[in-house]
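Subject: Model for you to look at

Hi,

Here is the model I promised to pass on. Please open it alongside this note.

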Amino acid sequence: MPQTHMDGDFFDRSRKAQFDWERMKQRAALAKKNKLSAITMGAADENPLAKWDAEGMTVRKFQDDEQDVLRISVGGGVDGEDIDYCTYRGNRQRCLNLLYQACRALESRPDAQ
């Protein structure tokens with residue numbers, strides 16, 4: 001799987017623009033070169049401890065963070081493309097609880113886009 005994680009939103013659905021795969025590839029190459037994705041998507045030589053597909057998403061469990069910090073990365077959401085993923089480090093149930101908390105936090109501002 002390519003290293004595609006970089007902070008910041010880039011896909012503005014409200015503009016209904018054609019998804020720019022070339023730009024995505026450029027961003028992925030830059031993130032990989034600068035090792036910006038290693039903590040979420042795994043280092044080049046790091047294999048997931050577990051991997052499965054569910055709900056149209058690929059889920060991968062990596063080695064726990066050395067300081068026991070829960071790490072979760074979720075990406076995708078591009079209509080018609082099979083790139084949705086969730087990677088995590090740490091206890092699965094604790095990660096689930098953190099994601100539920102994040103969902104509640106996002107829902108707390110229904111007027112925000």
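First, the ground rules. This is a predicted model, in which local features need pLDDT of at least 70, side-chain atom pairs count only at pLDDT 80 or more, and totals for chains, interfaces and linings use all residues. Residues are numbered from 1 along each chain as its sequence is written, and side-chain values use heavy atoms, with hydrogens and water left out.

**Overall**

The protein chain has three helices and four strands. Both are DSSP runs numbered from the N terminus: helices are H or I with at least four residues, strands are E with at least two. The order along the sequence is α-α-β-β-β-β-α. Of the 113 residues, 24% are buried (under 20% relative accessible area, 1.4 Å probe, protein chains only). Contact here means heavy atoms within 4.5 Å. Among contacts with a separation of 6 or more, 55% link residues 24 or more positions apart.

The four strands make an open sheet with mixed pairing, in the order 1-2-4-3. Two strands pair if DSSP finds at least two bridges between them. Strand 1 (50–54) and strand 3 (71–75) are the edges, each pairing on one side only. Neighbouring strands are turned by 15° against each other on average, direction ignored. Axes are lines fitted to C-alpha atoms, for helices over the stretch in contact; angles run from 0 to 180 degrees between N-to-C directions. Strand 3 pairs with strand 4 (residues 85–89) in the antiparallel sense, over five bridges. Ile-72 has Tyr-88 of strand 4 as its bridge partner.

**Helix 3**

Helix 3 (residues 92–107) lies across strand 1, strand 3 and strand 4, at about 60° to strand 3. Its 16 residues reach 22 Å from first C-alpha to last, close to the 22 Å expected at 1.5 Å a residue. That expected span is 1.5 Å times one less than the number of residues. At the start of helix 3, a side-chain oxygen of Asn-91 comes to within 3.0 Å of the backbone nitrogen of Gln-93.

**Thr-87**

Thr-87 sits in strand 4. Is Thr-87 buried or exposed? Thr-87 counts as buried because its relative accessibility is 2%. Beyond neighbours within four places in sequence, Thr-87 contacts Thr-40, Met-41, Arg-60, Phe-62, Arg-71, Ile-72 and Ser-73.

Best wishes

Key:
Buried < 20%, exposed > 50% of the residue type's maximum accessible area, 1.4 Å probe, protein only. Polar contact = N/O pair within 3.5 Å; in protein donor to acceptor, adjacent residues only side chain to side chain.
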